[in-house]
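Have the sequence and the structure open as you read.

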Number of protein chains: 2
Amino acid sequence: MKLESLAESLRDYLGATRKHSIKNIVNMFDEKGTNPSFGEDAAIIEAGEEALLLAADGIWDRLMRADPEWSGYCAILVNVHDIAAMGGRALGMVDIFSSSSPELSEKVLKGMKAGVEKLGVPIVGGHIHPDTPYTAVDVAILGRVKKDSIIYSSTAKEGDDIVLGIDLDGRVHPSCDMNWDSTFLKEAAIVRHQMESMVELGERHLLTAGKDVSNPGILGTLGMILEVSGAGAEVELDSIPKPASLDWDRWLKMYPGMGFIVTCRPENTARVIEVFNNHKLNASRIGKIVPGSHLDIVRGGERATVFDFTKHNITGLRPVKGCNQ
Amino acid sequence: MKLESLAESLRDYLGATRKHSIKNIVNMFDEKGTNPSFGEDAAIIEAGEEALLLAADGIWDRLMRADPEWSGYCAILVNVHDIAAMGGRALGMVDIFSSSSPELSEKVLKGMKAGVEKLGVPIVGGHIHPDTPYTAVDVAILGRVKKDSIIYSSTAKEGDDIVLGIDLDGRVHPSCDMNWDSTFLKEAAIVRHQMESMVELGERHLLTAGKDVSNPGILGTLGMILEVSGAGAEVELDSIPKPASLDWDRWLKMYPGMGFIVTCRPENTARVIEVFNNHKLNASRIGKIVPGSHLDIVRGGERATVFDFTKHNITGLRPVKGCNQ
C-alpha cells in the first residue's frame, strides 16, 4: 500500500471518527473550556499529596454483539488502562450492567470476572438493569496517583521524542479481528507488571505526555495527544513495533491489549524504552513532536499526512491556555 | 383499598422485583460474601481520615423512552443521592453516554446539564458511544465522607425507630406518572440543602442506618434495609408523609425526588426529625424495627405483611456476619 493510501485509510477509520462527538459534549458541560481534565483518560479530582483519578469507559455495542464474554473482559481492561495512562494505580471499579437475557448476562459477567482476576482490581459495587432490550456494560474506575507524577495527554512539546510501548506477544482475537489480544492468555503477574510501567515512568518524571492506545489505534491515539497538545508529529512508519503477521493498515487500526504511546525529552528516550522493556513491553522511538498541526508518516523519502488538525478532527478538542502546562 | 390488597400490590410492584438479579451478580464477584459495600448505595474504597465513596447508577430504559431530558436529569439526581445516602458529599461524576441520534443526545444532555446546575456536582469526564441502536446514560460518582460518619444500610437494629424525611412539595412529573418530582422546579440552594441533611445526620451520629428512597419506593427501600440488616419492621401506614392528592398505592410505588429513610435509637428520633425539618424536608417517625423477617404495615387494628424475607426477595442480599456491625 502506498503511504498516501495508508494515511487516507487510517484517517477515515471509524474508530477515530467516532470520537468527534466528544467535543460537543465537552462544550456543553464546560462552556468556558476551563476543565483541565477534558481530553485526559481520567479526571483528576482531588488533592492532598495524592490525586484521585476517576474514569468511565464502556464497550462498543458492535463488540458486545460479536462476543459478550470478550466484551465483559475488555470493559475491565480498558478502564484499568485509563488509570494507568495517567500514571496511576486503580483502586476499584463500579459497573452498570444492562442485560436483555440471563444467557447474555452470564457470558458478560464471566468475562468481567476474568478481567478482575487478571488485573487484580476489584468491582466494589454497581447497578443492574436486568430487563433492557439491549445488553451493555459500562464501568467506572477510581484510581490514585502522586500529584507530581500525573501523566497528561495535553503536554507534548515540540522536540519531544515519541515512544510506543506495546506487547507484540499476542494474537488476533478469534471473535474480533480488530482486537490484538495480548493479555487474555497471559499470566496475570506479567499483565499487571506491564500496567505498572506507566506508574514508574510517571514517578521518575521521564515523560512529557502519554496515553494508552485505545480504539483509534496507535496513530489515532497519538493524534488525540496532538490535538490537545496543539502540536504536530512525524512518525517513521518502519520504526513502529508490529507483529510480523499483520500488514500496516490492519495493525494501525487495531486496538492492542496493552499499549502506551508517550512523549519524552530526547535525553530520556533510552530510559523510557528501558522501563517499558523491563516491564515486558516492546518499545521503540517511533518519531518526534514537531511544530504545526500535521501528523505525518514517513518512510524513506516518502511522506503522507494522516491528520491535519486545521482540517481533520479526532476528538475535536483543542488546547486550553493555562491548563496542564 | 384493603390493607392486605395494598400489601400485595406493593410486593408485586416491578420496581422492587427488578432488584432480584443483584444477588446473582454480587455472588459472582464476591463468592465469600466478604465485601462490606454490597447492599450499600456506594462502595467505600479508601482510608485516611476520610473514606471515598464510589457509586454508579443508570436510568431505566423505560424512562429513557418516555422522556430523554428527564432521564438525563434523573441520572444526575440518583447518583448524587447515592452519595448523600451514605452521609457523604459528592465530588464529581463521569458519564457513559450511548446515543442513537443527535436529537436524543441533545435532550439527554440538556437534562444532565440541568441536573449538574441544580445539584452543583460537576461532570468531570466520561465516554461516549455516538452510534448505538439504543440511548442510555450511565453515571458514576465519587464522594467522600468522614470515616466515623458513614451511614450504612445494613446496621438497623431491633428497637430502632424508622424515620422518613421526604419533600412533599412537588408534582407528579408530567411525562412519568410514577415519579414524584420535587426538585426540578425548586431553587438549587434548597435542593442542595436538603441533600446535606444526611451529612449532618451522619456527622452528629444520630442514625443507626439509612438509605435514599429509590425506584422500589418508600417501603421497597425500607425492605432493602431490612434484608441486609436481618431485621423486620412495623410501619404505621397513616404516619407516612403523603401528598394529599395521591392514594397510598400510588404514592408508595413512586420514586420521590428527595427522600431518605433512616433508622435511629428512639432517644434520637426527635433530633432526626428536627434535622430533616431544618433542611426543608417533611419528616415523621413511621414505625419501628422489630425482630423477625416481616415488613408489616398496620392501620388501626389491621395488619398486613408486605414482605416476608424468608419467602420474598427485593435484592435477595442477606446480612454478612462481621461486616458493618
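A:E200 and A:R204 form a salt bridge, with their closest N and O atoms 2.8 Å apart. This is a predicted model, so take each distance here as a value computed from predicted coordinates.

| Salt bridge | N to O distance |
|---|---|
| A:E200 and A:R204 | 2.8 Å |
| A:R89 and A:E196 | 2.8 Å |
| B:R265 and B:D160 | 2.7 Å |

Take the second row. The side chains of A:R89 and A:E196 meet in a salt bridge. Which parts of chain A does this pair link? A:R89 sits in strand β3 (residues 89-98), while A:E196 is in the loop between α7 (188-195) and α8 (197-203), so the pair links distant parts of the chain, 107 residues apart. A:R89 is partly exposed, given its relative accessible area of 43%. A:E196, at 28% relative accessibility, counts as partly exposed too.

Now for the chain B pair. The salt bridge between the side chains of B:R265 and B:D160 again links distant parts of the chain, here 105 residues apart. Both residues are in loops: B:R265 in the one between β12 (259-264) and α11 (269-278), and B:D160 in the one between β5 (136-146) and β6 (161-166). Is each partner buried or partly exposed? B:R265 is partly exposed at 33% relative accessibility, whereas B:D160 is buried, with a relative accessible area of 0%.

Salt bridges can also join up into something beyond a pair. In chain A, a network of them links A:D161, A:E236 and A:R285.

Which residues make up the negative surface patch? A:E4, A:E8, A:D12 and A:E302 do. A:E302 belongs to strand β15 (residues 302-308) of chain A. With a relative accessibility of 33%, A:E302 counts as partly exposed.

A:D138 is another acidic residue to look at. You'll find A:D138 in strand β5 (residues 136-146) of chain A, where its 6% relative accessibility makes it buried. What does A:D138 touch, apart from its neighbours within four places in sequence? Its contacts in chain A are A:D57, A:G58, A:I59, A:V94, A:D95 and A:I96, and from chain B come B:I96 and B:D138.

B:L317 is buried, at 8% relative accessibility. The C-alpha atoms of B:L317 and B:G230 are separated by 9.6 Å, although the two residues are 87 residues apart along the chain.

Finally, zoom out to chain A as a whole. Its secondary structure comes to 11 helices and 15 strands. Of its 325 residues, 64% are buried. Among contacts in chain A with a separation of 6 or more, 82% are between residues 24 or more positions apart. Chain A exposes about 11,900 Å², and carbon and sulfur atoms supply 49% of that area.

How values were computed: Residues numbered from 1 in each chain as written. Chains lettered and ligands numbered in written order. Predicted model: local features only at pLDDT ≥ 70, side-chain atom pairs only at ≥ 80, totals over all residues. Heavy atoms only, no water. Patch = residues over 30% accessible without salt bridge, like charges linked within 9 Å, V, L, I, M, F, W, Y side chains within 5 Å. Areas by Shrake-Rupley, 256 points an atom, 1.4 Å probe, with all protein chains shown as cover. Salt bridge = Lys/Arg side-chain N within 4 Å of Asp/Glu carboxyl O. Lys, Arg positive; Asp, Glu negative; His and termini not counted. Charge placed at Lys NZ, Arg CZ, Asp CG, Glu CD. Helix = DSSP H or I, 4+ residues; strand = E, 2+ residues; numbered from the N terminus. Buried < 20%, exposed > 50% of the residue type's maximum accessible area, 1.4 Å probe, protein only. Contact = heavy atoms within 4.5 Å.
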